[in-house]
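This report describes one protein model, with attention to its sheet, its helices and its charged pairs. Please consult the sequence and the coordinates alongside the text.

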Amino acid sequence: MTRKPVRPVIFLDLDNVLITHRACFAAGETANMDTIFDPIAMGLLNRIIEATGAEIVLCTAHRDKPSIRDTLKRNGLKGDFHQHFMTDLGPGPRGEQVQRWLDAHPEVTNYVILDDLEQGFLPSQKPHHVRPPKRDGLSFQNFLDALKVLGAPAPRTGVKFRVPPAYN
């Protein structure tokens, strides 16, 4: 019997990672959970998933919302959720919740934590923690850092941007 290879895992927070101040402001006063995801941050997350084959495990405060996976898919998430797609709602800081999930899934050794929180992670998790800046969400540097944590090569550099003719 052939065993399926274990895919890397992305522990994903939403606030200040995919839900950013700029996206909320752009959505306006009538914003709701379907309109406040930052498309740039979502695009970078999708590129991480594409490059690594990682599965998503939610560690966000929104993880227990019944339709959160559908909401993420509607807002452009192209990746797969792990079969056990969220950390527990038990006591302790987020790092302890992540550790309990990892303890229950010892086959997962390759992971990254995308979370804007500075505190609450265990010393063993620090090398796996990529912290987007408050308000701005997942940045290009965070994208590169997450690829490095997961052992994936960085995209080619030297991309030339073409200025549209109207701006010449």
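Predicted model: local features only at pLDDT ≥ 70, side-chain atom pairs only at ≥ 80, totals over all residues.

Which residue in β3 is the bridge partner of L58? The partner is M86.

Five strands form an open sheet in the order β3-β2-β1-β4-β5, and their pairing is parallel. Strands β3 and β5 (129–130) are the edge strands, each pairing on one side only. Strands β2 and β3 run parallel and are joined by three bridges.

Helix α4 lies across β1, β2, β3 and β4, and runs at about 155° to β1.

Strand β3 contains H82. Is this residue buried or exposed? H82 counts as buried because its relative accessibility is 11%, below the 20% limit for that class.

Beyond neighbours within four places in sequence, H82 is in contact with V9, E55, I56, V57, W101 and H105. A polar atom of the H82 side chain also lies 2.9 Å from the backbone nitrogen of H84.

## Helix α2

Helix α2 comprises 14 residues (39–52). At 1.5 Å a residue it should span 20 Å, and the separation of its end C-alpha atoms, 20 Å, agrees with this expectation. At the start of α2, a side-chain oxygen of D38 comes to within 2.9 Å of the backbone nitrogen of I40. The helix is followed by G53, which has a positive phi near 75°.

The buried residues of α2 are A41, M42, L44, L45, N46, I48, I49 and T52. An α-helix has 3.6 residues a turn, so residues three or four places apart point the same way. The packing partners of the buried α2 residues are β1, β2 (55–58), α3 (68–74), β4 (111–114) and α5 (140–149).

## Salt bridges between separate segments

How many salt bridges does the structure hold? There are eight. Side chains of opposite charge can pair when their charged atoms come close.

One of the salt bridges joins the side chains of D80 and R7, with an N to O distance of 3.2 Å. This pair links distant parts of the chain, since D80 belongs to strand β3 (residues 80–86) and R7 to the segment before β1 (9–12), 73 residues apart. Both residues are partly exposed: the relative accessible area is 36% for D80 and 30% for R7.

A further salt bridge is formed by R94 and D13, whose closest N and O atoms are 3.3 Å apart. R94 lies in helix α4 (residues 94–104) and D13 in the loop between β1 and α1 (21–27), so the pair ties together parts that are 81 residues apart in sequence. R94 and D13 are both buried.

Terms used
Residues numbered from 1 in each chain as written. Heavy atoms only, no water. Salt bridge = Lys/Arg side-chain N within 4 Å of Asp/Glu carboxyl O. Helix = DSSP H or I, 4+ residues; strand = E, 2+ residues; numbered from the N terminus. Buried < 20%, exposed > 50% of the residue type's maximum accessible area, 1.4 Å probe, protein only. Expected span 1.5 Å × (residues − 1). Contact = heavy atoms within 4.5 Å. Polar contact = N/O pair within 3.5 Å; in protein donor to acceptor, adjacent residues only side chain to side chain. Pairing = 2+ DSSP bridges. Axes fitted to C-alpha atoms, helices over the stretch in contact; angles between N-to-C directions.
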